[in-house]
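Reader: I would like to learn how to read a model like this one. Please show it, and then take me through some features.

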Amino acid sequence: MESIYWVLCWACHRRCVHCYEDRFRPYVRGALEAVIAEAERNTARILPNLPNLPDAMLYRDPSAPEAPPKPGRIILSGGEALLDGVRQRVTYPLIEALVARYRHRGGVRIVVQTTGDLLTADIVRELLARGVWTISVAGVDDFHVGMEGPAKQAAFTARLRAMLMAEGMSEAALSVTDRSWLDAKSPFFSFFGATPDAWIGKLWPRGRAWANGLSTATLDDNFCNRWSGALNFLHHGWAGSEVSIEPDGSVYPCCIKTAVPMGNLTEEPLLGILDDLAADPAFAALNRGEPDRMGEADGWTPDTFRARSHTTTPGGKPYANLCIGCDAFHREVLGARIAAARARRLAARQVAEAAE
């Protein structure tokens, strides 16, 4: 598939007010060891020969299906994937295993996403030596303490740019509309953040962004029908397909995360989960980027869905976004169906393994 967004560990050195996940925060002593051990343990459960990841990370462009397939991306993120402890025990071993896994299967492009303020020349060299294709610096915005304002952001990016270019990397401007950067051959780096012009600029109604009343999205902002949303997530093997993995192995159709995961990669193969759920009309609607139609087969008309997409923020203000309706539909209808499908798949797998 084109992309897997893999959240490796909950540990982060920051507690940003706009973060979509409250578990991304500093941990100390025993709590830090616990979240690193969780990441280490569950990565190891997915890793043996990586049977639960796709056999090949390849995808084709629907507009040119006869063209050779391209290697897809696995984006390793957090939290902070370069945090001491996480870096040595989780991130580096996983990079090595993924590169080895796909070396003779068409390849894979490894992206490490980081806030950027922990990057050093030594860490850059260690990443490149392990075959990293891209270092994506995601902390360039006013929400990151110490990065407020254009002057501080310019100084930050200038310092990192000089260091990264000194290590032989080139800069690319990532864009969800202009995909020419995907053909870059040499290792490159990029900068982005939760700025007003970015596709995540209005902030997802999740985590601390939600608790702090920072999301400015409305009903007209369909996070599902864009990159990092669920659009085309079922079309593995084709451009646009992406799923998100949490540190416990849970799989979601979007980075925003639905209220219930589709399955868990410590238990079963990713493509088996996707193919099993592809016939469900709710997931078919998410795949089309039409969350307001995900409940039609269950009596939720688009008007009903939009009515259920209204709520009140923790600060007491009215708020409406399709993600709210999606959450309600998962909790009230789809969650039980997902659980039943998961139980059925696991039972069938047990029977198959017993027969071998």
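Author: Helices (H or I, at least four residues) and strands (E, at least two) are DSSP runs, numbered from the N terminus. This is a predicted model, in which local features need pLDDT of at least 70 and side-chain atom pairs count only at pLDDT 80 or more, while totals for chains, interfaces and linings use all residues. Residues are numbered from 1 along each chain as its sequence is written, and side-chain values use heavy atoms, with hydrogens and water left out.

Reader: Is Leu-128 buried, exposed or partly exposed?

Author: Buried means under 20% relative accessible area, exposed means over 50%, and partly exposed is in between, with a 1.4 Å probe and protein chains only. Leu-128 has a relative accessible area of 22%, so it counts as partly exposed.

Reader: Which residues is Leu-128 in contact with, leaving aside its neighbours within four places in sequence?

Author: Contact means heavy atoms within 4.5 Å. On that basis Leu-128 touches Glu-167, Met-169 and Pro-187.

Reader: How do I read the packing of two helices?

Author: Two packed helices are described by the angle between their axes and the distance between the axes. Axes are lines fitted to C-alpha atoms, for helices over the stretch in contact, and angles run from 0 to 180 degrees between N-to-C directions. Helix H2 (residues 86–102) and helix H3 (residues 121–129) pack at about 35°, with axes 10 Å apart. Arg-87, Tyr-92 and Ile-95 of H2 meet Ile-123, Glu-126 and Leu-127 of H3. That contact divides into 4 nonpolar residues, no polar and 2 charged. Ala, Val, Leu, Ile, Met, Phe, Trp, Tyr, Cys and Pro count as nonpolar, Asp, Glu, Lys and Arg as charged, and the others, Gly among them, as polar.

Reader: At what angle do helix H1 and H2 pack?

Author: Helix H1 (residues 29–46) packs with H2 at about 20°, their axes 10 Å apart. H1 and H2 are therefore roughly parallel to each other. Angles under 35 degrees count as roughly parallel, over 145 as roughly antiparallel, 65 to 115 as roughly perpendicular and the rest as oblique. The H1 and H2 crossing is left-handed. A crossing is left-handed if the near helix is turned anticlockwise from the far one by less than a right angle, and right-handed if clockwise. Among the residues in this contact are Glu-33, Ile-36 and Ala-37 of H1, and Val-86 and Arg-89 of H2.

Reader: How are helix H6 and helix H9 placed?

Author: H6 (residues 270–277) and H9 (residues 322–355) pack at about 125°, with their axes 11 Å apart. That angle makes H6 oblique to H9. The crossing of H6 and H9 is right-handed. Gly-272, Ile-273, Asp-276 and Leu-277 of H6 make the contact with Ala-341, Arg-344 and Arg-345 of H9. Sorted by type, the residues of this contact are 3 nonpolar, 1 polar and 3 charged.

Reader: And how do I read a sheet?

Author: Strands of a sheet pair through backbone hydrogen bonds, either parallel or antiparallel. Two strands count as paired if DSSP finds at least two bridges between them. Here an open sheet of 9 strands has the order E7-E8-E6-E5-E4-E1-E9-E10-E11, with mixed pairing. Its edge strands, E7 (170–171) and E11 (263–264), each pair on one side only.

Reader: How many bridges join strand E4 to E5?

Author: There are 4 bridges between E4 (residues 73–77) and E5, which run parallel. Ile-74 is opposite Ile-110 in E5, and Ile-75 is opposite Val-111. Strand E1 (residues 3–7) is joined to E4 by 5 bridges, also running parallel, and Ser-3 stands opposite Arg-73 in E4.

Reader: Why is strand E5 described as largely enclosed by the rest of the structure?

Author: In E5 (residues 109–114), 6 of the 6 residues are buried, so the strand is largely enclosed. One side carries Arg-109, Val-111 and Gln-113, the other Ile-110, Val-112 and Thr-114. In E4, 5 of its 5 residues are buried.
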